[in-house]
Amino acid sequence: EAVGLYNLGQTCCLNSLLQVFLMNIHFTRILRRITVPSSPAQKRSNVPYQMLLLLEEMQGGKCKAVCPADLAYCLSKHRVKLFVQYDAAQLFLTLWNLLNKQMKKPELVEELSDLYTIFIQEHLACQKCSFEIKSSSTMLTLPLPVLDANSQRLKTLEECLQCFFHPEELTGQNKCFCQQCGRKTPFLQSTKLVRLPQTLTLHLKRFCFERSSHSHKLGHSLPFPQELDFREVLTENQCQADDSERAAWQYELFAVVAHSGSTSCGHYCAYIRSLTECKWFCFNDSHVCQVSWDDVKCTYGRSNLNWRETAYLLFYMKKHPQ
């Protein structure tokens, strides 16, 4: 049975992300195999161990909600401040880095990487000659724009993905030095997808920061599908993977972390599809209830109500893992 988490004071963001982690059975299989720290002090400061204790408390008790105070105290030892508002994408990265750092078994670190890490290859190609620079890197989330290059609203998640992987011409002041030409020339910058993880995290960049340092939320409608096939979204030129790898790029929506309110005063909750019951639940701190797909679709957003609940992080699960 789904169990809630009590809000300790502005911990709705943390609670939502913890629910997404702990409702993912692929993650909890890794978590259950960690090395238990030996001393009481090490146990109190070990994030994977404290998450495991919280999971066991949630699964073993009969309470409708449990208190994540020990885990919150553990996080505070690693400079994760309590009682402050967080950006869910930033906190997700912080939690993952702590988990990755404190899992001692190399095989678990590798499994955690396979579960969440996105592999990409960045290309810089001179437009005057054949000179090209390639560099490989990893990402935990794909930060997807919700506006195009002309600041026009993108209408679907697929358009956001196409915009992210669309090549960009570097001209004018953005020209790069070409070693082969011996001068600054126009370059074409592109990102190509190499490998996708079991659990894919998409970050909708709803928060817009202007030059005046003022920020506002982009709340316009942006539908996202229950099923997502990257082979239908991206062209072959935007992929740097073989056929067997691309064959596994079929995903099903697992969770949505939604934000309501403004950039300065907001609230997070999580909509998660139980992998065992195949039912959707809304985790709103200590309150948990079963919801329908129509309820989840309410997080698409609305143009005239920017303060309303809008999807911010989307978690997709591979349908046919290799």
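In this predicted model, C13, L14, L17 and F21 of helix α1 meet A88, L91, F92, L95 and L99 of helix α6. The residues of this contact divide into nine nonpolar, no polar and no charged. Helix α1 covers residues 12-22 and helix α6 residues 88-102.

Two packed helices are described by the angle between their axes and the distance between the axes. For α1 and α6, the angle is about 55 degrees and the axes are 10 Å apart. Angles from 65 to 115 degrees would count as roughly perpendicular and those under 35 as roughly parallel, so α1 is oblique to α6. The crossing of the two helices, α1 and α6, is right-handed.

Helix α1 is also mostly covered, with 11 of its 11 residues buried. The buried residues of α1 include C13, L14, L17 and F21, which are the residues that meet α6. Also buried in α1 are C12, N15, S16, L18, Q19, V20 and L22.

The charged side chains can be taken next. Side chains of opposite charge can pair when their charged atoms come close. A search of the whole structure finds six salt bridges, and among them are the pairs R195 with D114, R231 with D229 and R246 with D243.

The pair of R195 and D114 has its closest N and O atoms 3.8 Å apart. A salt bridge requires a side-chain nitrogen of Lys or Arg within 4 Å of a carboxyl oxygen of Asp or Glu, so this pair, at 3.8 Å, counts as one.

In the salt bridge of R231 with D229, the closest N and O atoms are 2.9 Å apart. R231 is partly exposed, with a relative accessible area of 41%. D229, at 14% relative accessibility, counts as buried, because buried means under 20%.

R246 and D243 form a salt bridge in which the closest N and O atoms are also 2.9 Å apart. Both residues lie in helix α10 (residues 243-247), three residues apart, which is about one turn of the helix. D243 reaches 60% relative accessibility and so counts as exposed, the cut-off for exposed being over 50%.

S151 has a phi near 65 degrees, a positive value in a residue other than glycine. S151 lies in the loop between β5 (142-144) and α8 (157-164). With a relative accessibility of 53%, S151 counts as exposed.

C278 is not a glycine either, yet its phi is positive, at about 55 degrees. The loop that holds C278 runs between β15 (266-273) and β16 (280-284). C278 has a relative accessibility of 56% and therefore counts as exposed.

Technical notes:
Residues numbered from 1 in each chain as written. Predicted model: local features only at pLDDT ≥ 70, side-chain atom pairs only at ≥ 80, totals over all residues. Heavy atoms only, no water. Buried < 20%, exposed > 50% of the residue type's maximum accessible area, 1.4 Å probe, protein only. Helix = DSSP H or I, 4+ residues; strand = E, 2+ residues; numbered from the N terminus. Axes fitted to C-alpha atoms, helices over the stretch in contact; angles between N-to-C directions. Parallel < 35°, antiparallel > 145°, perpendicular 65-115°, else oblique. Left-handed = near helix turned anticlockwise from the far one by under 90°. Contact = heavy atoms within 4.5 Å. Nonpolar A, V, L, I, M, F, W, Y, C, P; charged D, E, K, R; others polar.
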